[in-house]
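Please look over the sequence and the model below.

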Amino acid sequence: MTSKPGVPTAKQALLVFLAAFLGILGVGAGLNWIGAPLAVSVLAVPGVTLFVAVAAIRVFRLDPYRVFLLRPAKNAHLLLAFPVALALFVVSDQLANLSRSLIPLDEGVLEAAAHLVRAETLFDWVVRLAGIGFGAAVSEELLFRGVLLSGLSRLGRVGAILVTALLFTAGHGLLLPNYFVAGVVLGVAAAATGSILVPIAVHFFHNITALLLFNLSRIETLGDPLWTPPGILVPAVLILALGLGVWIRHGVKRWRNAHPAESEGPAAAEIPAPPPESFSLARDLRFVPRKRRTMGFLVLAIAMAAGILTVTGLFGYLGYMANGEPQRAAMIESLQRISHDALAPAAAERSAEIDAAFQTLSELNREGRLGLRHIWRTARVVGLATVDGAFDEADVEDLLMTVGGVRSEQPGSTALPSPTRE
């Protein structure tokens with residue numbers, strides 16, 4: 001299939017991504033080898049990304065206005081970028097927290113990431129704001145929501161957004177679902193509004209929020225100890241869904257205005273199937289009656305939430321399947337830590353019993369007699385017990401009964417005896 005004038009082909013877009021990825025790795029390795037200050041790396045990464053994105057325009061003779069979506073954005077869409085960015089930060093933080101609990105990362109990686117965003121002096125603040133705030137937002141959006149999104153447009157709007165989000169996740173070096181969700185949100189913002197300014201604004205406010213929260217409040221995550229308080233998480237999910245709904249609705253109207261003949265729909269009752277190469281959400285929605293379109297957008301928001309949960313579960317399951325026994329051991333350790341962090345003062349003396357219960361699970365895991373369903377049962381008890389932030393006496397009893405039930409299911413084992421309380 002021939003390329004649209006001024007727009008890269010899918011092969012060219014993937015080559016640009018590979019060039020940017022290898023360029024960042026090469027520059028990072030070089031700076032580390034010569035012992036360059038961290039500030040140089042913070043500024044160099046977005047610099048390399050921006051250089052590759054702009055160079056692609058010159059090398060492949062592309063139209064920068066079409067590829068980079070260099071169009072003005074409505075003031076309402078730019079204003080909406082701020083609450084959407086804050087909501088995206090909360091949702092991403094919760095997904096990252098869950099991911100780290102299920103698939104713990106190396107402590108060295110976490111420390112390196114924290115050191116990257118840490119700002120102590122005025123110079124540190126200037127460098128982080130310029131590199132992580134403005135530089136990353138502009139360079140990554142021009143690359144991913146510019147070159148890649150336009151080059152993969154033959155997959156359809158939805159397909160291009162999803163594949164670009166996967167590449168966005170891979171480009172950050174950590175295969176975590178929060179990067180994928182952020183990539184989807186930024187892709188929807190770009191495709192629906194038709195202006196690169198909107199995803200740049202969302203990306204910028206998201207990164208600035210992370211910098212301010214980490215450096216001013218010294219809070220690495222809003223989860224305490226695992227879940228973000230419902231009073232913060234639920235409104236964030238609703239704001240994110242509402243913002244995406246507004247942008248998608250605008251995108252549908254924009255597409256209908258650009259294709260008035262097609263937007264009227266067929267005169268006959270039978271709806272012809274769209275061409276195989278044109279999988280378009282806007283084209284599908286034009287057949288929905290006007291009075292029911294609002295309900296359609298509500299269903300779409302629910303479907304997106306279900307998709308986020310599905311992707312999160314898929315990432316977790318793939319990580320578990322890669323190496324089951326160490327992953328289960330890490331989960332047990334994480335659940336034990338969460339139980340201790342949320343232990344109520346009135347139940348503090350039962351700390352040893354909690355340790356004994358998790359020690360039993362660890363022994364069963366080392367013997368190969370523990371499965372994911374057993375971890376899930378224990379995690380469910382811990383999750384329900386800590387949802388109010390207090391792991392009390394009754395919760396300890398539930399934990400001991402659950403672990404005893406898991407142990408009794410094993411061949412040749414008996415239930416975990418209840419400890420004698422004096």
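## A charged pair and its network

Which residue forms a salt bridge with Arg 350, and how far apart are the closest N and O atoms? The partner is Glu 353, and the closest N and O atoms lie 2.7 Å apart. This is a predicted model. Both Glu 353 and Arg 350 are buried.

The pair belongs to a network of salt bridges. Arg 350, Glu 353, Glu 393 and Glu 397 are its linked residues. Across the whole structure, the search finds six salt bridges.

Helix H6 covers residues 122–151. Asp 124 and Arg 128 are four residues apart in H6, so about one helical turn separates them.

Glu 141 and Arg 145 form another salt bridge, with the closest N and O atoms 2.8 Å apart. Glu 141 is buried, as is Arg 145. These two are also four residues apart in H6, which means a separation of about one helical turn. An α-helix has 3.6 residues a turn, so residues three or four places apart point the same way.

## Helix H7

H7 runs over residues 156–171 and has 16 residues. From first C-alpha to last, H7 reaches 22 Å, close to the 22 Å expected at 1.5 Å a residue. Gly 173 follows H7 and has a positive phi, near 80 degrees.

Which residues of H7 are buried? They are Gly 156, Gly 159, Ala 160, Ile 161, Thr 164, Ala 165, Leu 167, Phe 168 and Thr 169.

## Nonpolar cores

The largest nonpolar core holds 60 residues. Those with the most contacts inside this core are Phe 68, Leu 88, Phe 144, Val 185, Val 202, Leu 240 and Trp 247. H1, H2 (38–59), H4 (75–102), H6, H7, H8, H9 and H10 (230–258) each supply at least two of its residues. H8 gives the most, with ten residues.

Leaving aside residues up to four places away in sequence, Trp 247 touches His 77, Leu 80, Ala 81, Val 84, Ala 189, Ala 192, Thr 193, Val 198 and Val 202. A second core of 25 residues is separate. Among its residues are Ile 332, Ile 338, Val 396 and Leu 400.

Terms used:
Residues are numbered from 1 along each chain as its sequence is written. This is a predicted model: local features need pLDDT of at least 70, side-chain atom pairs count only at pLDDT 80 or more; totals for chains, interfaces and linings use all residues. Side-chain values use heavy atoms; hydrogens and water are left out. A salt bridge is a side-chain nitrogen of Lys or Arg within 4 Å of a carboxyl oxygen of Asp or Glu. Buried means under 20% relative accessible area, exposed over 50%, partly exposed in between (1.4 Å probe, protein chains only). The expected span of a helix is 1.5 Å times one less than its number of residues. A nonpolar core is a set of buried Ala, Val, Leu, Ile, Met, Phe, Trp, Tyr and Cys residues joined through side-chain atoms within 4.5 Å. Contact means heavy atoms within 4.5 Å.
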